[in-house]
Amino acid sequence: MALTTPARTRADRPAHGVVLHDVRRTFPTPTGGRPVLRGVDVELRAGEIVALVGPSGCGKSTLLRQVSGLDIPDGGRVLLDGTPVAGIDRRTAVAFQEPRLLPWRTLAQNVALGLPAGTPKDAGRARVAELLRLMGLEESAGLRPRQVSGGMAQRASLARALARNPGVLLLDEPFGALDALTRLRMQDLLLDVHAAEPATVLLVTHDVEEALYLADRVLLLRSLVAAPDDAPSVARVIDVPGRRPRDRADQRLAELRAELLEGLGVATHHVRPGDADDHHSI
Amino acid sequence: MTHHAAGTGPGPVTDHAGRPLRALNPFDAARDADAVPAAAAPGEAPGARRPRGGFWSRPVVRVVGGAVLPLLLLGVWHAVTTGGLVPPYQLPTPLSVWDAALDLVARGQLQTHVAISVQRVLVGFVVGAAAGLVLGSLVGLSRAADVLLAPLLGGVRAVPSLAWVPLLILWLKIGEESKVTLIAIGAFFPVYTTVAAALRHVDPHLVEAGRAFGLRGVRLLQTVQLPAVLPSVLSGLRLALAQAWLFLVAAELIASSMGLGFLLNDSQQNGRVDRILLAIVLLALLGKLSDSLVALGERALLRRYA
Ligand SMILES: Nc1ncnc2c1ncn2[C@@H]1O[C@H](COP(=O)(O)OP(=O)(O)OP(=O)(O)O)[C@@H](O)[C@H]1O
Ligand SMILES: [Mg+2]
């Protein structure tokens, strides 16, 4: 399952390295500023897949918005290929946490919205048709978003981001609304697309196994609400061993999985109350 | 003269069926299993085969049902006037109203009255609605325009229609301009108010998605904002047309030598109750007819875009 008609060839559109340097974001609230991101120092190599996990509300979507240029950090810098992100950056493409499809357009027309400006009509149509086929949506190309299920809408939203053929692909829980089987299929599909058209991928997920299966590295974010005042947002960076495609049953992954879950505050085995603190080792 | 049709205020933005506009609720879709839409053929609305609402929703029933009360009213009118229950100088019979119509047609006057009134309504409506679209878009999209313009326009809106008449006559004389201007003022506000309010409430998530995919300015407006507010623009236009008819009579009652409003006024002075009734019935028919035509266009557009 490879893409046969990339909108542009690989050489035209390289994957971009991403550098986040001491990124900080604080939202104003009636009771004073609420820090959501602090001291984020991360470097994504071009073509790397990095997964972002962390408890709900810890700032994963916010971090993605800093890279896409939809939001501006209060401090620090975000660089794409060494140049700062200023405003919405055409080198990135986002699949939002909600599908955000235009309700009055068909799925195909929604996907076409993602095509880079200036794509020739025929090439664009072929590209949209191919992405819809990859996502298993060819039968539904002419349907409106309200006529399809949540999982289908989410796949269309992913197709729209892929249509951009971006150097940096930002995916906010792209498989969150999918059933378990479709989710596994789509994970493999993402890896195929990535192999055919390498992009730097920053992927938010709540699924630790998904993170370990897809990513080169996993960033564990912490919520700053309960953290000490100087703790940075990135609690831990985990290098995932092995090369893709990985064996989902790999023993090393199972160990990392337990480690990550404990980092998220989920015990993987029964814990006596007295031991609990040991598992929040970060 | 009522000066504002109901519903022109900045209320909740709903489409013609009263559904909230553009609530992109992920849970609506998420309720369905993945398999559900596969059952519906492409291009077919879900539930298209389901009978909807039964008897009262059938097109024939809607047309015939809508005619029942007016015909009944006509029957009662006929009965009470021919039965001598009401004296003819207060309420002439339906037939004598019909005769008055034939008489005016034979003199070539009724056609002129109707034509000039329709023309005034159309010109005033087009001018007012276009201005409403432009200013409504400006105020709905730009904070600055909202701050600077909205209070002034809100004040202008509060002026009753008849209050403009002396000024318009003073400035524009009693020609067509003064009448068309008054009608345009009437048509302006429903469009202005609904468009401004609807644009302010376009789902910010959708606008952001549009921006994320490189849309800006006019392209963003075309692709996201205008389609999102289409249902409210259309209902604003319908209200504007209704209001144009209301303002027409205000304009023609005062200074004119032609038109349905003039016919009303003239007949009152001559004691021709039959012609007064004729003018009222014609205003009702023309208003309803033009509204139905716009409603047809509205339905077609909504089926395509919403
Ligand atoms: N525009 C905003 N204004 C104020 N607060 C905001 C804004 N955007 C996000 N926040 C706050 O920032 C915090 C992090 O939000 P974010 O959406 O990044 O969380 P998340 O990690 O993606 O959570 P989830 O896993 O539930 O999607 C939340 O507490 C949220 O209330
Ligand atoms: Mg999120």
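Trainee: Hi! How many bridges join strand β1 of chain A to strand β2 of chain A?
Mentor: Hello! In this predicted model, nine bridges join β1(A), residues 18–29, to β2(A), residues 32–44.

Trainee: And do they run parallel or antiparallel?
Mentor: The two strands run antiparallel. A hairpin through two residues joins β1(A) to β2(A).

Trainee: Which residue is the bridge partner of V19(A) in β2(A)?
Mentor: V19(A) is partnered by E43(A) there.

Trainee: Switching to rings: how many aromatic pairs are there over all chains?
Mentor: The count comes to four. One of them is F188(B) with F189(B), an edge-to-face pair at 4.8 Å centre to centre, with 85 degrees between the planes.

Trainee: Are F188(B) and F189(B) buried or exposed?
Mentor: Both are buried. F189(B) also pairs with Y192(B), again edge-to-face, at 6.3 Å centre to centre and 85 degrees between the planes.

Trainee: Where do F189(B) and Y192(B) lie in chain B?
Mentor: They belong to helix α8, residues 176–200, and because they are three residues apart in that helix, about one helical turn separates them.

Trainee: Why does F189(B) count as buried?
Mentor: Its relative accessibility is 5%, and the cut-off for buried is under 20%. Y192(B) is buried too, with a relative accessible area of 7%. Ring pairs link F188(B), F189(B) and Y192(B) into a cluster.

Trainee: Nice. Back in chain A, which ring does the charged end of R100(A) sit over?
Mentor: That would be the ring of F96(A), with the charged end 4.0 Å from the ring centre.

Trainee: What about R248(A)?
Mentor: The charged end of R248(A) sits over the ring of Y213(A), 3.6 Å from its centre.

Methods. Residues are numbered from 1 along each chain as its sequence is written. Chains are lettered from A and ligands numbered from 1 in the order in which they are written. This is a predicted model: local features need pLDDT of at least 70, side-chain atom pairs count only at pLDDT 80 or more; totals for chains, interfaces and linings use all residues. Side-chain values use heavy atoms; hydrogens and water are left out. Two strands pair if DSSP finds at least two bridges between them. Helices (H or I, at least four residues) and strands (E, at least two) are DSSP runs, numbered from the N terminus. Rings of Phe, Tyr and Trp (its six-membered ring) pair if their centres lie within 6.5 Å; planes under 30 degrees apart count as stacked, over 60 as edge-to-face and the rest as tilted. Buried means under 20% relative accessible area, exposed over 50%, partly exposed in between (1.4 Å probe, protein chains only). A charge sits over a ring if NZ of Lys or CZ of Arg is within 6 Å of the ring centre and within 35 degrees of the ring normal.
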